Every structure is written in structure tokens, then in C-alpha cells.
Amino acid sequence: MSALTHLLDTKSLSRDSALAILDVAEDMSDTQQREIKKLPTLRGKTVVNLFFEDSTRTRISFEAASKRLSADVINFSAKGSSVSKGESLQDTAQTLQALGADAVVIRHGASGAPRTLAASGWISAGVINAGDGTHEHPTQALLDAFTIRKRLHGGASRGRDLDGIAVTIVGDVLHSRVARSNVWLLNTLGAEVTLVAPPTLVPQDVSAWPVRIEYDLDAAIAAAPDALMMLRIQLERMRDAFFPNEREYTRMWGLDDSRLAALPLGTMVMHPGPMNRGLEISSAAADSARSTVLEQVSNGVAVRMAALYLLLAGDREGER
Ligand code: NCD
């Protein structure tokens with residue numbers, strides 16, 4: 001049996017499974033420091049990147065991770081495919097099954113699409129959720145946790161959880177699958193999570209989340225969290241006016257240069273990308289030594305290598 005059947009969310013991911021992925025990612029990250037980065041581990045396996053929503057970073061990251069493990073990669077983007085002619089998820093999935101896909105990495109605008117695919121019986125492949133609607137984006141949260149652990153503990157990260165670490169997530173929580181996946185994973189790993197957002201961008205069901213809510217970014221910064229995670233304002237998901245205008249948003253909720261100056265020295269600045277520079281984060285903040293933005297990208301490859309390895313290295317027989 002493979003160690004991981006699917007990776008659909010972090011809400012149901014146990015502490016042990018999360019730490020296993022993070023620790024394997026440490027090993028993968030070590031191999032990426034070598035001159036020859038490619039491992040033979042998944043030779044003969046086929047990974048399909050099935051992207052129904054735009055993505056640069058995540059798709060490239062999964063592609064790099066698959067190739068570094070010597071898997072064959074098929075990139076399937078829904079635009080220009082038969083999906084735009086109305087082909088159903090079932091037909092697409094059955095086509096992938098007939099092609100011999102061992103893993104399907106799916107990004108979809110509908111929350112729950114990866115779970116539907118995994119539970120359908122249409123495919124025997126392992127399914128990884130690469131972002132579904134406003135629901136979850138588990139590999140993003142795992143790479144964020146990996147990045148926090150690595151910044152804080154360096155080479156001594158293996159086996160550690162995030163007990164007692166304070167993480168403050170700022171911005172468009174309402175539309176953010178990154179925020180949701182981070183809240184569940186960080187909580188499972190023992191971190192204390194604070195959300196800072198305009199009241200209009202706080203989800204209604206937040207009372208059931210293991211978080212503290214704060215509306216004053218300056219107070220949240222003064223509390224000296226270990227990590228300050230800025231979220232992208234997801235204008236493409238906004239049909240209503242959630243804040244008066246962009247300038248007002250930046251004044252109230254943006255990490256601008258004066259807030260950067262006020263940020264306690266030990267606080268790292270994170271952003272999942274793509275960034276709206278000048279809106280939720282200033283260029284000085286994004287490019288500062290506190291920023292982990294590029295570390296997040298390179299750690300993302302190691303974390304996705306780990307997820308693919310744990311999904312595919314064992315025998316998947318009978319996991320359908
Ligand atoms: C995120 C996503 O698509 O959910 N980006 C990413 O995966 N790097 C966050 C975002 O789009 O703001």
C-alpha cells in the first residue's frame with residue numbers, strides 16, 4: 001500500500017501524516033542541492049496535471065516535482081480542451097484512466113471537485129488537490145509549514161511540529177483556499193493562528209475555526225508573530241465591493257513600508273503568490289530579507305516531490 005491514498009485537504013490530515021510529508025520533503029530538499037537533481041524514484045509512472053483554473057506557480061511546481069522524480073508528466077489545461085466543449089469531469093477522468101494516469105493533480109473552480117474525482121471510482125489514480133474553489137490548497141499549506149520550520153530550525157527541522165509558533169494570516173480570508181488549508185494544518189501542528197481582515201472578508205463560519213480574529217493590523221504586528229502571511233486580494237472572485245478602494249485597503253490592511261519598519265525583527269513575511277505589489281504587500285516588504293516568498297517557491301517543489309512519492313512509491317492496487 002502507498003503511504004498516502006490521496007491528498008485532498010489538510011482538515012483531515014493527521015499530525016503524523018503531515019509530519020511524514022514534511023520530513024520526506026526535507027530529504028527531497030537535500031537532493032535538490034545536488035548538481036544532478038533528478039532521482040529515478042518514479043520512473044515509469046505518469047502524473048497528469050489537470051488544471052481547470054489558471055495557474056503558473058503551482059502547475060510548474062508540480063511539473064518540476066514530477067520530472068525531478070523521473071515520472072512522465074502530461075499537462076492538461078481545460079482551456080482549449082474538450083472540457084470547453086462541455087465534456088464532463090467523468091469523461092475527462094475516464095480518458096485519463098485509459099491513458100494510464102497514476103496520479104492526477106487537479107485544480108478546479110468548484111470546491112469539492114478533487115474529492116468527487118477521488119471518490120468516483122472513475123480512476124484508480126491518486127488524486128492531489130492543487131486548489132479547489134475557495135475550499136483548500138493542501139500542498140500550499142504544507143510548503144508554508146515547511147518554510148516556517150526551516151526558517152526557524154534550519155537543518156534541525158526534521159520531526160518538529162510548530163508547537164507554540166504564532167502565525168498571523170492577513171487579508172482576503174473569505175476567498176482564500178490557502179488560508180483555510182493553513183488554518184487546519186497549522187492548528188494540527190500546534191501553532192497559534194490569528195486572522196486579520198476587514199470584517200467583510202471574514203467568512204461567516206469562522207466561529208468554528210481554531211483561530212483568533214483581529215481587525216487591527218498594527219496591533220497584530222506589535223504582537224510579534226513568528227510569521228506574517230499576506231494573502232492576495234482575489235479580485236477575480238469578487239462580485240461585490242468588499243472594501244471602498246485599493247488605496248483604502250492598503251492603508252488599513254496592507255504591509256506597506258511603514259508597517260515593514262515596525263515589524264519585529266524575528267517576524268518572517270510570507271505570501272503564496274501571485275502578489276499584488278503595492279496592494280496587499282509593498283515591493284520593499286516582498287523583496288526584504290524577512291520575505292520567504294522565493295523560499296516558498298523552491299520549498300514547494302520539495303513538498304510536492306514528497307507528496308507524489310508518498311502517493312506513488314508503494315503499490316496502489318486495491319486503493320480504487
Ligand atoms: C494561490 C491559489 O491559487 O490558491 N496561489 C498559489 O497557488 N500559488 C493563492 C492565490 O491565488 O492568491
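Colleagues, the structure before you is a predicted model, in which local features need pLDDT of at least 70 and side-chain atom pairs count only at pLDDT 80 or more, while totals for chains, interfaces and linings use all residues. Residues are numbered from 1 along each chain as its sequence is written, and side-chain values use heavy atoms, with hydrogens and water left out.

I begin with the domains. The chain is divided into domain 1 (15-136 + 297-312) and domain 2 (138-296), with bounds that come from an automatic or database domain assignment. To the contact between them, domain 1 gives 30 residues and domain 2 gives 33 residues, where contact means heavy atoms within 4.5 Å. The C-alpha centres of domain 1 and domain 2 are 25 Å apart.

On a 1 Å grid over the protein atoms alone, a cavity is a set of points where a 1.4 Å probe fits but cannot get out. A pocket is an open set with protein on both sides within 12 Å along at least five of seven lines, and lining residues have an atom within 4 Å of a point. Grid points are joined across faces, edges and corners, and a volume is the space filled by probe spheres set on the points.

How much space lies in the largest pocket? The volume is about 400 Å³. This pocket is lined by 20 residues, and those closest to its centre are Arg-107, Arg-177, Arg-232, Gly-273 and Pro-274. By class, the lining of the largest pocket holds 8 charged, 8 polar and 4 nonpolar residues. Here Ala, Val, Leu, Ile, Met, Phe, Trp, Tyr, Cys and Pro count as nonpolar, Asp, Glu, Lys and Arg as charged, and the others, Gly among them, as polar. Domain 1 and domain 2 each provide at least three residues of the lining of the largest pocket. At least two lining residues come from each of helix H2 (57-68) and helix H6 (177-188); helices (H or I, at least four residues) and strands (E, at least two) are DSSP runs, numbered from the N terminus.

Gly-273 and Pro-274 are joined by a cis peptide bond, with omega about -5°. Pro-274 belongs to the loop between strand S9 (268-270) and helix H10 (283-286).

As for cavities, the search of the whole structure finds 1 cavity of 30 Å³ or more. The largest cavity contains about 80 Å³ of space. Among the lining residues are Arg-57, Gln-140, Leu-143, His-271, Gln-296 and Arg-304. H2, H5 and helix H11 (293-312) each supply at least two residues of this lining, and the largest share, 4 residues, comes from H11. The lining of the largest cavity comprises 5 polar, 4 nonpolar and 2 charged residues.

Thr-147 sits in helix H5 (residues 138-153), and a polar atom of its side chain lies 2.7 Å from the backbone oxygen of Leu-143. Is Thr-147 buried or exposed? Thr-147 counts as buried because its relative accessibility is 0%; buried means under 20% relative accessible area, exposed over 50%, and partly exposed in between (1.4 Å probe, protein chains only). Beyond its neighbours within four places in sequence, Thr-147 is in contact with Met-270, Thr-292, Glu-295, Gln-296 and Asn-299.

I close with residues in loops. Val-206 is found in the loop between strand S6 (192-196) and strand S7 (212-214), and is buried at a relative accessible area of 13%. Apart from neighbours within four places in sequence, Val-206 is in contact with Leu-195, Val-211 and Ile-213. Val-206 and Leu-195 are 11 residues apart in sequence, with their C-alpha atoms 9.8 Å apart in space.

Two residues other than glycine have a positive phi: Ser-70, near 70°, and Ala-224, near 55°. Ser-70 lies in the loop between H2 and strand S2 (72-77), and Ala-224 in the loop between helix H7 (217-222) and strand S8 (227-230). Ser-70 counts as buried at 14% relative accessibility, whereas Ala-224 counts as partly exposed at 39%.

Terms used: A polar contact is a pair of N or O atoms within 3.5 Å; within protein, one must be able to donate a hydrogen and the other to accept it, and residues adjacent in sequence count only if both atoms are side-chain atoms.
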